[in-house]
Amino acid sequence: MSNAPDIEIYIQDLSADRAIAWLESVFNDVQIAPKKKGMPKKSQPLSVSWQGATVPVVVFEDVVPGFTSVWLDSPSLPWPDDQSCAISAAQFLTLAVRITAGSWQQDANGDAWIEILPNGSQNEIRWQTD
């Protein structure tokens, strides 16, 4: 089984500083990257080092009201998928983390999500982000 092409998780009430602290607990080198033209004001591009490669990361506060997105753009990460990453983040941050219930595809049910709690329990939820 191959790794996901990228990973994205959503955490309620998470500041960019706390997201960076979690990333620093996982990766050897976390650097703030320059913002690209057109990036939203509350987004923070980063780069992290993993197994000799530089991985682009974006922490986006209030991507939907009250939730911060952490997006890691690489198939080569310490986790094979969103769920494994979310478990790591939930335990470190002691916050609930949400992920999509399956891989994204056109016409998929965009409201189907999984919420992972710090104690490791998981619940399927419906989350309308529009």
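Predicted model: local features only at pLDDT ≥ 70, side-chain atom pairs only at ≥ 80, totals over all residues.

Colleague: Which residues does W22 touch, not counting residues up to four places away in sequence?

Modeller: The partners of W22, on that count, are I9, V70, W79, C85, S88, A89, F92 and L93.

Colleague: How is a pair of aromatic rings described?

Modeller: One states the distance of the centres and the angle of the planes. In this structure there are seven aromatic pairs. One of them joins F27 and W79 in an edge-to-face arrangement, with 5.9 Å centre to centre and 85° between the planes.

Colleague: Why does the pair of F27 and W79 tie together parts that are apart in sequence?

Modeller: F27 lies in the loop between helix 1 and strand 2 (30-32), whereas W79 lies in the loop between strand 5 and helix 2, so the pair connects parts that are 52 residues apart in sequence. F27 and W79 are both buried.

Colleague: What kind of aromatic pair do W113 and W127 form?

Modeller: W113 and W127 are edge-to-face, at 4.7 Å centre to centre and with 70° between the planes. Since W113 belongs to strand 7 and W127 to the segment after strand 8 (122-126), the pair ties together parts that are 14 residues apart in sequence. Both W113 and W127 are buried. Ring pairs also link Y10, F67, W113 and W127 into a cluster. Over the face of W127 lies R98, at 4.7 Å from the ring centre.

Colleague: Let us turn to a single residue. Is S69 buried or exposed?

Modeller: Buried means under 20% relative accessible area. S69 has 3% relative accessibility, and therefore counts as buried. S69 is placed in strand 5 (residues 67-72).

Colleague: With which side chain does the side chain of S69 make a polar contact?

Modeller: The partner is the side chain of E8, at 2.6 Å. Leaving aside neighbours within four places in sequence, the residues in contact with S69 are E8, I9, Y10, V58, V59, F60 and V63.

How values were computed: Residues numbered from 1 in each chain as written. Heavy atoms only, no water. Helix = DSSP H or I, 4+ residues; strand = E, 2+ residues; numbered from the N terminus. Buried < 20%, exposed > 50% of the residue type's maximum accessible area, 1.4 Å probe, protein only. Polar contact = N/O pair within 3.5 Å; in protein donor to acceptor, adjacent residues only side chain to side chain. Contact = heavy atoms within 4.5 Å. Phe/Tyr/Trp six-rings, centres within 6.5 Å; stacked < 30°, edge-to-face > 60°. Lys NZ or Arg CZ within 6 Å of the ring centre and 35° of its normal.
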